[in-house]
Amino acid sequence: FPVTISVLMMWRQSRLSAPTSCFDNGAFSMWKAAQRRGEQWAEKWDWSDYFTWLEPRLFHPGRWAVVPDMPGAPSQLNDALLRDWPFGQKGAPLWHMDGPIDRLLALCERWDRVCLGWTGAGKHLDRPEFHARMEDVAKALDNSWPALHMMRGIKVAFDYPFVSADGTTLAQNG
């Protein structure tokens, strides 16, 4: 038992001092849960508790967070959430890949890093529809790739020049 406590405390300490970390706000999971319950996604979510929790965790230069978004909502609603983000470039907005590519280009001009979230057919990224959309992205970027993070993108992390990718299995099972 004391060894378990000691290992847990060491893990917590190392996590607090981990230089590079990405924090996800959980909006996608909340949206999916609302869909399963047959509920509408909240048009206005109060993110103040999340911001309070996040602030002390962003102190290290290598740490950043996904800016809260509304999956399945029009771009205008997601753009409105960007104005509420209190941490500047310590965040990365999420572009839903079924949205207008012009929005992706605008986000890339304004932000140091942009996250891509697959919202197309099927739940898996390694599908023809995903790769076709990525071809559209490559053409729009004129093959001059900014810093892009692929959400839940471990499977395709090396197929495109993403600067980073994440996977839910690490968060759920790690």
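Figure 1. Of the 174 residues in the chain, 38% are buried. The accessible surface of the chain is about 10,600 Å², and carbon and sulfur atoms account for 56% of this surface. The chain holds 7 helices and 7 strands. Along the sequence, these elements follow the pattern α-β-α-α-β-α-β-β-α-β-α-β-β-α. Among contacts between residues at least 6 apart in sequence, 55% join residues at least 24 apart.

**Figure 2. The open sheet of β1, β2 and β3.** The 3 strands of this open sheet are arranged in the order β1-β2-β3, and their pairing is parallel. β1 (21-23) and β3 (91-92) stand at the edges with a single partner strand each, so one side of each has no neighbour in the sheet. Strands of a sheet pair through backbone hydrogen bonds, and the pairing is either parallel or antiparallel.

**Figure 3. Pairing of β1 with β2.** β1 and β2 (residues 63-66) run parallel and are joined by 3 bridges. Ser-21 stands opposite Arg-63 in β2. The bridge partner of Phe-23 is Ala-65, also in β2. On β2, Arg-63 and Ala-65 point one way, while Trp-64 and Val-66 point the other way. All of these β2 residues are buried.

**Figure 4. Pairing of β2 with β3 and the crossover between them.** The pairing of β2 and β3 is parallel and rests on 2 bridges. Val-66 has Ala-92 in β3 as its bridge partner. Between β2 and β3 the chain passes through helix α4 (residues 75-82), and this β-α-β crossover is right-handed.

**Figure 5. The buried side of helix α2.** Helix α2 covers residues 27-36, and its buried residues are Ala-27, Trp-31, Ala-33 and Ala-34. These residues lie on the same side of α2, because they cover an arc of only 165 degrees around the axis. In an α-helix there are 3.6 residues a turn, so residues three or four places apart point the same way. Gly-38 follows α2 and has a positive phi, near 75 degrees.

**Figure 6. Arg-152 in the loop between β6 and β7.** Arg-152 lies in the loop that connects β6 (148-150) and β7 (164-165). Although Arg-152 is not a glycine, its phi is positive, at about 50 degrees. Most residues other than glycine have a negative phi. Arg-152 counts as partly exposed because its relative accessibility is 29%, which falls between the limits of 20% for buried and 50% for exposed.

**Figure 7. Confidence along the chain and at its two ends.** The mean pLDDT of the chain is 81, and 80% of the residues reach 70 or more. Over residues 1-14, pLDDT stays under 50, and the model has 0 contacts beyond four places in sequence for these residues. Over residues 169-174, pLDDT also stays under 50, and here the model has 1 contact beyond four places in sequence. Where pLDDT is low, the predicted coordinates should not be read in detail.

How values were computed: Residues numbered from 1 in each chain as written. Predicted model: local features only at pLDDT ≥ 70, side-chain atom pairs only at ≥ 80, totals over all residues. Heavy atoms only, no water. Pairing = 2+ DSSP bridges. Helix = DSSP H or I, 4+ residues; strand = E, 2+ residues; numbered from the N terminus. Buried < 20%, exposed > 50% of the residue type's maximum accessible area, 1.4 Å probe, protein only. Right-handed = clockwise from strand over helix to strand, strands pointing away. Contact = heavy atoms within 4.5 Å. Areas by Shrake-Rupley, 256 points an atom, 1.4 Å probe, with all protein chains shown as cover. Arc of directions from axis to C-beta. pLDDT = per-residue confidence, 0-100.
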